[in-house]
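Here are my notes on this one, in the order I'd go through them at the screen. Have a look at the model first, then read on.

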Amino acid sequence: MSGAEPTSATVTLVIAGGGTAGHLIPGLVVAEELVERGHPRSSILFVGAERGPEVTMVPERGYPVRLLPGRGIQRSLTVDNVAALWGLVRAAFQAFALLRKERPKAVLALGGFASVACAVSAALLRIPLVVADQNALAGSANRLVARFATSCAAAFPGVDLPRAVLTGNPVRPEIIAAASTPPGAARERLGLPADRTVLAVFSGSLGSRRINTATVGALESLADRSDLAIYHVLGRRDWDERDEPEFRTPALPEGGLVYTRVAYSNEIGDLLAAADLGLTRAGGSTVAELAIVGLPAILVPLPIATRDHQRANAAGLVEAGGAILVIDDQLTSERLIAELMPLIEKPAVLATMAAAARGEGHPDAAARVADLVESAAEGVR
(Lines give C-alpha, C1' and ligand atoms only; values in the text may rest on other atoms or scores of the structure.)
Protein backbone atom coordinates (compact mmCIF):
# COMPACT_ATOMS: atom_id res chain seq x y z
CA MET A 1 0.00 0.00 0.00
CA SER A 2 1.57 3.29 -1.07
CA GLY A 3 0.87 6.93 -0.29
CA ALA A 4 1.70 9.45 2.38
CA GLU A 5 1.46 8.31 5.97
CA PRO A 6 -1.24 9.96 8.11
CA THR A 7 0.00 12.76 10.34
CA SER A 8 -0.21 12.56 14.12
CA ALA A 9 -3.94 13.26 14.17
CA THR A 10 -6.26 10.30 14.42
CA VAL A 11 -8.05 9.38 11.20
CA THR A 12 -11.77 9.86 11.82
CA LEU A 13 -13.15 9.96 8.27
CA VAL A 14 -12.22 8.10 5.09
CA ILE A 15 -13.10 9.34 1.61
CA ALA A 16 -12.72 6.47 -0.83
CA GLY A 17 -12.71 6.53 -4.60
CA GLY A 18 -11.25 8.42 -7.49
CA GLY A 19 -9.55 7.13 -10.58
CA THR A 20 -10.99 10.10 -12.47
CA ALA A 21 -11.27 13.79 -11.65
CA GLY A 22 -15.05 13.48 -11.92
CA HIS A 23 -15.05 11.11 -8.96
CA LEU A 24 -12.30 12.80 -6.98
CA ILE A 25 -13.13 16.51 -7.12
CA PRO A 26 -16.50 16.23 -5.32
CA GLY A 27 -14.71 14.34 -2.55
CA LEU A 28 -12.09 17.07 -2.23
CA VAL A 29 -14.80 19.73 -2.08
CA VAL A 30 -16.62 17.84 0.69
CA ALA A 31 -13.33 17.42 2.55
CA GLU A 32 -12.80 21.19 2.49
CA GLU A 33 -16.30 21.69 3.88
CA LEU A 34 -15.51 19.27 6.70
CA VAL A 35 -12.26 21.10 7.46
CA GLU A 36 -14.18 24.37 7.69
CA ARG A 37 -16.43 22.68 10.25
CA GLY A 38 -13.46 21.92 12.46
CA HIS A 39 -12.27 18.48 11.32
CA PRO A 40 -8.46 18.45 11.24
CA ARG A 41 -7.17 18.12 7.67
CA SER A 42 -4.93 15.26 8.71
CA SER A 43 -7.91 13.34 10.16
CA ILE A 44 -9.52 12.95 6.72
CA LEU A 45 -7.87 10.07 4.87
CA PHE A 46 -8.33 9.59 1.14
CA VAL A 47 -8.14 6.09 -0.32
CA GLY A 48 -7.76 5.93 -4.09
CA ALA A 49 -6.12 4.23 -7.04
CA GLU A 50 -2.43 4.10 -7.86
CA ARG A 51 -3.22 5.27 -11.40
CA GLY A 52 -5.68 8.05 -10.59
CA PRO A 53 -5.34 11.83 -10.25
CA GLU A 54 -5.52 11.40 -6.47
CA VAL A 55 -1.81 10.48 -6.60
CA THR A 56 -0.97 14.18 -6.89
CA MET A 57 -4.19 16.11 -6.28
CA VAL A 58 -4.79 14.85 -2.73
CA PRO A 59 -1.29 15.49 -1.28
CA GLU A 60 -1.27 18.93 -2.93
CA ARG A 61 -4.26 19.82 -0.78
CA GLY A 62 -2.65 18.55 2.41
CA TYR A 63 -4.64 15.36 3.00
CA PRO A 64 -3.13 11.96 3.74
CA VAL A 65 -3.78 9.37 1.03
CA ARG A 66 -3.53 5.59 0.58
CA LEU A 67 -3.24 4.24 -2.93
CA LEU A 68 -4.60 0.79 -3.71
CA PRO A 69 -3.34 -1.49 -6.50
CA GLY A 70 -5.44 -2.55 -9.47
CA ARG A 71 -7.74 -0.94 -11.97
CA GLY A 72 -11.33 -1.18 -13.09
CA ILE A 73 -12.63 -4.23 -14.95
CA GLN A 74 -13.43 -3.80 -18.63
CA ARG A 75 -16.91 -4.70 -19.77
CA SER A 76 -15.66 -7.13 -22.42
CA LEU A 77 -13.79 -10.39 -21.91
CA THR A 78 -10.08 -9.58 -22.10
CA VAL A 79 -6.82 -11.00 -20.80
CA ASP A 80 -6.25 -7.72 -18.96
CA ASN A 81 -9.24 -8.51 -16.75
CA VAL A 82 -7.35 -11.42 -15.16
CA ALA A 83 -4.70 -9.02 -13.87
CA ALA A 84 -7.41 -6.53 -12.94
CA LEU A 85 -9.23 -9.14 -10.84
CA TRP A 86 -6.03 -10.00 -8.99
CA GLY A 87 -5.46 -6.31 -8.35
CA LEU A 88 -8.98 -5.99 -6.96
CA VAL A 89 -8.40 -8.90 -4.57
CA ARG A 90 -5.20 -7.28 -3.32
CA ALA A 91 -6.98 -3.94 -2.98
CA ALA A 92 -9.78 -5.54 -0.96
CA PHE A 93 -7.38 -7.08 1.55
CA GLN A 94 -5.40 -3.85 1.87
CA ALA A 95 -8.54 -1.77 2.34
CA PHE A 96 -9.82 -4.13 5.04
CA ALA A 97 -6.51 -4.01 6.90
CA LEU A 98 -6.44 -0.23 6.67
CA LEU A 99 -9.96 0.31 7.99
CA ARG A 100 -9.50 -2.26 10.74
CA LYS A 101 -6.39 -0.37 11.87
CA GLU A 102 -7.74 3.18 11.59
CA ARG A 103 -11.35 2.51 12.64
CA PRO A 104 -12.77 5.72 11.16
CA LYS A 105 -16.17 6.96 12.30
CA ALA A 106 -17.51 6.94 8.73
CA VAL A 107 -16.56 6.21 5.12
CA LEU A 108 -17.67 8.29 2.12
CA ALA A 109 -17.58 6.25 -1.12
CA LEU A 110 -17.31 8.26 -4.35
CA GLY A 111 -17.26 5.50 -6.96
CA GLY A 112 -14.52 3.51 -8.67
CA PHE A 113 -12.89 0.24 -7.63
CA ALA A 114 -11.08 1.75 -4.63
CA SER A 115 -14.42 2.82 -3.20
CA VAL A 116 -15.79 -0.71 -3.58
CA ALA A 117 -12.89 -2.16 -1.60
CA CYS A 118 -13.38 0.36 1.21
CA ALA A 119 -17.18 0.21 1.20
CA VAL A 120 -17.30 -3.57 1.49
CA SER A 121 -14.66 -3.44 4.22
CA ALA A 122 -16.68 -0.79 6.05
CA ALA A 123 -19.75 -3.04 5.91
CA LEU A 124 -17.81 -6.01 7.30
CA LEU A 125 -16.36 -3.86 10.10
CA ARG A 126 -19.71 -2.15 10.80
CA ILE A 127 -18.34 1.29 9.99
CA PRO A 128 -21.09 3.68 8.79
CA LEU A 129 -21.00 4.22 5.03
CA VAL A 130 -22.27 7.09 2.86
CA VAL A 131 -22.30 6.71 -0.93
CA ALA A 132 -22.10 9.77 -3.21
CA ASP A 133 -22.84 9.44 -6.90
CA GLN A 134 -22.17 12.19 -9.44
CA ASN A 135 -24.63 11.16 -12.17
CA ALA A 136 -28.37 10.77 -12.75
CA LEU A 137 -27.87 7.03 -13.28
CA ALA A 138 -25.57 5.56 -10.64
CA GLY A 139 -22.35 3.81 -11.57
CA SER A 140 -21.91 0.09 -11.11
CA ALA A 141 -19.53 0.47 -8.17
CA ASN A 142 -21.97 2.62 -6.22
CA ARG A 143 -24.96 0.43 -7.06
CA LEU A 144 -23.02 -2.56 -5.75
CA VAL A 145 -22.19 -1.07 -2.35
CA ALA A 146 -25.20 1.22 -1.80
CA ARG A 147 -27.11 -1.62 -0.09
CA PHE A 148 -24.67 -1.24 2.84
CA ALA A 149 -24.98 2.55 3.09
CA THR A 150 -26.75 4.51 5.80
CA SER A 151 -27.61 7.05 3.08
CA CYS A 152 -26.76 7.89 -0.54
CA ALA A 153 -26.03 11.44 -1.67
CA ALA A 154 -27.78 11.97 -5.02
CA ALA A 155 -26.61 14.60 -7.50
CA PHE A 156 -29.88 14.42 -9.45
CA PRO A 157 -33.50 13.67 -8.54
CA GLY A 158 -34.61 10.08 -8.94
CA VAL A 159 -31.17 8.47 -8.88
CA ASP A 160 -31.43 4.68 -8.67
CA LEU A 161 -29.87 4.15 -5.25
CA PRO A 162 -31.53 3.14 -1.95
CA ARG A 163 -31.97 5.68 0.84
CA ALA A 164 -31.10 8.48 -1.60
CA VAL A 165 -31.03 12.08 -0.38
CA LEU A 166 -30.93 14.81 -3.02
CA THR A 167 -27.85 16.90 -2.25
CA GLY A 168 -26.67 18.03 -5.67
CA ASN A 169 -23.13 17.56 -6.93
CA PRO A 170 -20.38 19.34 -4.92
CA VAL A 171 -18.42 21.67 -7.21
CA ARG A 172 -15.17 23.57 -6.91
CA PRO A 173 -15.10 26.89 -5.01
CA GLU A 174 -14.15 28.79 -8.17
CA ILE A 175 -17.46 27.71 -9.72
CA ILE A 176 -19.41 29.00 -6.73
CA ALA A 177 -17.47 32.26 -7.03
CA ALA A 178 -18.20 32.43 -10.77
CA ALA A 179 -21.92 32.67 -10.05
CA SER A 180 -21.37 36.17 -8.64
CA THR A 181 -18.42 37.24 -10.82
CA PRO A 182 -19.23 40.24 -13.09
CA PRO A 183 -19.07 39.00 -16.71
CA GLY A 184 -17.13 42.10 -17.76
CA ALA A 185 -14.32 41.40 -15.30
CA ALA A 186 -14.10 37.76 -16.38
CA ARG A 187 -14.03 38.75 -20.05
CA GLU A 188 -11.26 41.24 -19.44
CA ARG A 189 -9.11 38.56 -17.80
CA LEU A 190 -9.69 36.19 -20.74
CA GLY A 191 -9.17 38.84 -23.41
CA LEU A 192 -12.77 38.65 -24.64
CA PRO A 193 -14.83 41.60 -25.94
CA ALA A 194 -17.37 43.12 -23.61
CA ASP A 195 -20.05 43.81 -26.21
CA ARG A 196 -20.59 40.44 -27.91
CA THR A 197 -22.38 37.19 -27.26
CA VAL A 198 -19.72 34.77 -26.01
CA LEU A 199 -19.90 31.03 -26.79
CA ALA A 200 -17.69 28.89 -24.56
CA VAL A 201 -16.74 25.53 -26.09
CA PHE A 202 -15.16 23.04 -23.69
CA SER A 203 -15.25 19.31 -23.02
CA GLY A 204 -12.79 18.22 -20.37
CA SER A 205 -9.02 18.07 -20.34
CA LEU A 206 -8.79 15.80 -23.39
CA GLY A 207 -11.57 17.46 -25.38
CA SER A 208 -14.17 16.04 -27.73
CA ARG A 209 -13.39 15.39 -31.40
CA ARG A 210 -17.08 15.68 -32.30
CA ILE A 211 -17.54 19.05 -30.61
CA ASN A 212 -14.20 20.37 -31.83
CA THR A 213 -14.71 19.52 -35.49
CA ALA A 214 -18.27 20.86 -35.50
CA THR A 215 -17.06 24.14 -33.99
CA VAL A 216 -14.10 24.61 -36.34
CA GLY A 217 -16.26 23.61 -39.31
CA ALA A 218 -18.76 26.36 -38.44
CA LEU A 219 -16.18 29.17 -38.33
CA GLU A 220 -16.28 30.01 -42.02
CA SER A 221 -20.05 30.48 -41.95
CA LEU A 222 -19.77 32.62 -38.81
CA ALA A 223 -16.76 34.63 -39.96
CA ASP A 224 -18.68 37.86 -40.64
CA ARG A 225 -20.51 37.92 -37.30
CA SER A 226 -19.59 41.14 -35.52
CA ASP A 227 -21.78 40.18 -32.56
CA LEU A 228 -20.15 36.85 -31.64
CA ALA A 229 -17.00 35.67 -29.87
CA ILE A 230 -16.05 32.00 -29.45
CA TYR A 231 -13.63 30.83 -26.75
CA HIS A 232 -12.69 27.29 -27.73
CA VAL A 233 -10.93 24.97 -25.27
CA LEU A 234 -9.74 22.37 -27.76
CA GLY A 235 -8.40 19.86 -25.23
CA ARG A 236 -4.94 18.36 -25.04
CA ARG A 237 -5.70 15.42 -27.34
CA ASP A 238 -6.74 17.48 -30.36
CA TRP A 239 -4.40 20.39 -29.65
CA ASP A 240 -1.48 18.40 -31.05
CA GLU A 241 -3.41 18.13 -34.32
CA ARG A 242 -4.51 21.75 -34.47
CA ASP A 243 -2.70 22.30 -37.78
CA GLU A 244 -4.39 19.35 -39.49
CA PRO A 245 -7.03 20.23 -42.14
CA GLU A 246 -10.03 19.45 -39.93
CA PHE A 247 -8.82 21.88 -37.26
CA ARG A 248 -7.38 24.57 -39.50
CA THR A 249 -9.12 27.88 -38.89
CA PRO A 250 -10.12 30.13 -41.81
CA ALA A 251 -8.94 33.70 -42.18
CA LEU A 252 -11.35 35.91 -40.22
CA PRO A 253 -12.14 39.45 -41.39
CA GLU A 254 -11.33 42.45 -39.25
CA GLY A 255 -14.38 43.37 -37.22
CA GLY A 256 -15.91 39.93 -37.75
CA LEU A 257 -15.97 36.85 -35.55
CA VAL A 258 -13.59 36.84 -32.60
CA TYR A 259 -12.22 33.32 -32.19
CA THR A 260 -9.83 32.22 -29.45
CA ARG A 261 -8.62 28.68 -28.99
CA VAL A 262 -6.49 27.19 -26.23
CA ALA A 263 -5.32 23.69 -25.38
CA TYR A 264 -6.67 23.75 -21.84
CA SER A 265 -7.97 26.32 -19.40
CA ASN A 266 -7.40 26.52 -15.68
CA GLU A 267 -9.71 29.54 -15.59
CA ILE A 268 -12.94 27.56 -15.95
CA GLY A 269 -14.65 29.80 -13.38
CA ASP A 270 -13.86 32.91 -15.42
CA LEU A 271 -14.91 31.17 -18.63
CA LEU A 272 -18.32 30.22 -17.24
CA ALA A 273 -18.78 33.73 -15.82
CA ALA A 274 -17.76 35.36 -19.10
CA ALA A 275 -19.91 33.23 -21.40
CA ASP A 276 -23.50 33.69 -22.52
CA LEU A 277 -23.78 30.13 -23.83
CA GLY A 278 -21.85 26.87 -23.51
CA LEU A 279 -21.24 23.97 -25.89
CA THR A 280 -20.10 20.94 -23.95
CA ARG A 281 -20.62 17.34 -22.86
CA ALA A 282 -23.03 16.45 -20.05
CA GLY A 283 -20.90 14.96 -17.30
CA GLY A 284 -22.37 15.18 -13.83
CA SER A 285 -19.96 17.88 -12.63
CA THR A 286 -20.34 19.89 -15.84
CA VAL A 287 -24.14 19.95 -15.59
CA ALA A 288 -23.92 20.94 -11.93
CA GLU A 289 -21.51 23.78 -12.75
CA LEU A 290 -23.70 25.10 -15.57
CA ALA A 291 -26.68 25.18 -13.23
CA ILE A 292 -24.88 26.96 -10.40
CA VAL A 293 -23.51 29.67 -12.70
CA GLY A 294 -26.76 29.85 -14.67
CA LEU A 295 -25.11 29.31 -18.04
CA PRO A 296 -27.40 28.10 -20.86
CA ALA A 297 -25.85 25.33 -22.90
CA ILE A 298 -26.02 23.13 -25.94
CA LEU A 299 -25.35 19.72 -24.39
CA VAL A 300 -23.91 16.84 -26.43
CA PRO A 301 -23.91 13.70 -24.23
CA LEU A 302 -21.00 11.31 -24.66
CA PRO A 303 -22.57 8.34 -26.46
CA ILE A 304 -20.29 5.70 -24.90
CA ALA A 305 -20.93 6.82 -21.32
CA THR A 306 -21.99 3.90 -19.11
CA ARG A 307 -25.77 3.44 -19.09
CA ASP A 308 -26.00 6.52 -21.31
CA HIS A 309 -25.84 8.46 -18.07
CA GLN A 310 -24.83 11.75 -19.70
CA ARG A 311 -28.13 11.95 -21.52
CA ALA A 312 -29.86 11.37 -18.19
CA ASN A 313 -27.69 14.07 -16.62
CA ALA A 314 -28.78 16.54 -19.29
CA ALA A 315 -32.48 15.76 -18.95
CA GLY A 316 -33.20 18.00 -15.95
CA LEU A 317 -31.61 21.10 -17.47
CA VAL A 318 -33.27 20.45 -20.82
CA GLU A 319 -36.72 19.89 -19.31
CA ALA A 320 -36.34 23.04 -17.19
CA GLY A 321 -35.54 25.05 -20.31
CA GLY A 322 -31.93 25.78 -19.40
CA ALA A 323 -30.27 23.71 -22.12
CA ILE A 324 -30.68 22.24 -25.59
CA LEU A 325 -29.87 18.59 -26.22
CA VAL A 326 -28.11 17.48 -29.41
CA ILE A 327 -27.33 13.79 -29.93
CA ASP A 328 -23.65 13.19 -30.61
CA ASP A 329 -23.93 11.84 -34.16
CA GLN A 330 -26.27 14.72 -35.06
CA LEU A 331 -23.80 17.45 -34.10
CA THR A 332 -22.53 18.79 -37.41
CA SER A 333 -21.38 22.29 -38.19
CA GLU A 334 -24.72 22.92 -39.87
CA ARG A 335 -26.66 21.71 -36.82
CA LEU A 336 -24.52 23.82 -34.53
CA ILE A 337 -25.22 26.94 -36.57
CA ALA A 338 -28.94 26.14 -36.66
CA GLU A 339 -29.05 25.90 -32.86
CA LEU A 340 -26.76 28.86 -32.29
CA MET A 341 -28.25 31.54 -34.53
CA PRO A 342 -31.67 31.91 -32.83
CA LEU A 343 -29.93 32.26 -29.47
CA ILE A 344 -27.49 34.92 -30.66
CA GLU A 345 -30.25 36.94 -32.27
CA LYS A 346 -32.64 36.75 -29.30
CA PRO A 347 -30.79 37.69 -26.10
CA ALA A 348 -34.05 37.49 -24.16
CA VAL A 349 -34.17 33.76 -24.90
CA LEU A 350 -30.68 33.31 -23.43
CA ALA A 351 -31.73 35.29 -20.34
CA THR A 352 -34.75 33.03 -19.84
CA MET A 353 -32.59 29.92 -20.28
CA ALA A 354 -30.05 31.27 -17.79
CA ALA A 355 -32.72 31.73 -15.12
CA ALA A 356 -34.05 28.23 -15.78
CA ALA A 357 -30.56 26.71 -15.49
CA ARG A 358 -29.89 28.57 -12.25
CA GLY A 359 -33.07 27.14 -10.79
CA GLU A 360 -31.59 23.64 -11.11
CA GLY A 361 -28.42 24.46 -9.18
CA HIS A 362 -27.38 23.21 -5.73
CA PRO A 363 -24.67 25.59 -4.50
CA ASP A 364 -24.90 24.07 -1.01
CA ALA A 365 -24.25 20.51 -2.23
CA ALA A 366 -20.95 20.12 -0.35
CA ALA A 367 -22.63 21.14 2.91
CA ARG A 368 -25.47 18.68 2.32
CA VAL A 369 -23.08 15.79 1.69
CA ALA A 370 -21.00 16.77 4.71
CA ASP A 371 -24.19 16.70 6.80
CA LEU A 372 -24.78 13.09 5.74
CA VAL A 373 -21.19 12.12 6.56
CA GLU A 374 -21.33 13.74 10.00
CA SER A 375 -24.71 12.19 10.75
CA ALA A 376 -23.37 8.76 9.82
CA ALA A 377 -20.30 9.29 11.98
CA GLU A 378 -22.52 10.24 14.92
CA GLY A 379 -24.61 7.11 14.44
CA VAL A 380 -27.70 8.90 13.10
CA ARG A 381 -29.55 6.53 10.75
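1. A word on burial before anything else: buried means under 20% relative accessible area, exposed means over 50%, and partly exposed is in between (1.4 Å probe, protein chains only).

2. Some housekeeping. This is a predicted model, so local features need pLDDT of at least 70 and side-chain atom pairs count only at pLDDT 80 or more, while totals for chains, interfaces and linings use all residues. Residues are numbered from 1 along each chain as its sequence is written, and side-chain values use heavy atoms, with hydrogens and water left out.

3. Confidence. pLDDT is the predictor's confidence in each residue, from 0 to 100. The protein chain averages 92, and 92% of the residues score at least 70.

4. Helices (H or I, at least four residues) and strands (E, at least two) are DSSP runs, numbered from the N terminus, and two strands pair if DSSP finds at least two bridges between them. Seven strands make an open sheet with parallel pairing, in the order E3-E2-E1-E4-E5-E6-E7. Strand E3 (65–68) and strand E7 (164–166) stand at the edges with a single partner strand each, so one side of each has no neighbour in the sheet. On average, neighbouring strands are turned by 20 degrees against each other, direction ignored. Axes here are lines fitted to C-alpha atoms, for helices over the stretch in contact, and angles run from 0 to 180 degrees between N-to-C directions.

5. Inside the sheet and on it. Strands E4 (residues 106–109) and E5 (residues 129–133) run parallel and are joined by three bridges, with Val107 opposite Leu129 in E5. Helix H4 (residues 113–124) packs on the sheet, touching E1, E2, E3, E4 and E5, and its direction makes about 125 degrees with that of E2. Helix H15 (residues 365–377) also packs on the sheet; it touches E1, E4, E5, E6 and E7, and its direction makes about 145 degrees with that of E4.

6. Salt bridges. Side chains of opposite charge can pair when their charged atoms come close. The criterion is a side-chain nitrogen of Lys or Arg within 4 Å of a carboxyl oxygen of Asp or Glu, and the structure holds 19 such bridges. Arg187 and Asp276 form one, with their closest N and O atoms 2.6 Å apart. That pair links distant parts of the chain, 89 residues apart: Arg187 sits in helix H7 (residues 183–190), Asp276 in the loop between helix H10 (268–274) and strand E11 (277–280). Arg187 is buried at a relative accessible area of 5%.

7. Further pairs. Which residue does Asp328 meet in a salt bridge? The partner is Arg210, at 3.1 Å, N to O. Asp328 is in the loop between strand E13 (323–325) and helix H13 (333–345) and Arg210 in helix H8 (residues 209–222), so this pair ties together parts 118 residues apart in sequence. Asp328 counts as buried at 8% relative accessibility, whereas Arg210 is partly exposed at 33%. Arg225 forms a salt bridge with Glu345, their closest N and O atoms being 3.4 Å apart. Glu33, Arg37, Asp371 and Glu374 are linked in a salt-bridge network.

8. Cysteines. With a disulfide taken as a pair of cysteine sulfur atoms within 2.5 Å, the structure has zero of them. Cys118 is buried at 0% relative accessibility, and Cys152 is buried with a relative accessible area of 0%.

9. Helix H11 (residues 284–293). Ten of its ten residues are buried, so the helix is largely enclosed by the rest of the structure. Just after H11, Gly294 takes a positive phi of about 80 degrees. Ile175, placed in helix H6 (residues 173–178), is buried at 0% relative accessibility. Not counting residues up to four places away in sequence, Ile175 touches Ile268, Gly269, Leu272, Glu289, Ile292 and Val293.

Definitions and conventions
Contact means heavy atoms within 4.5 Å.
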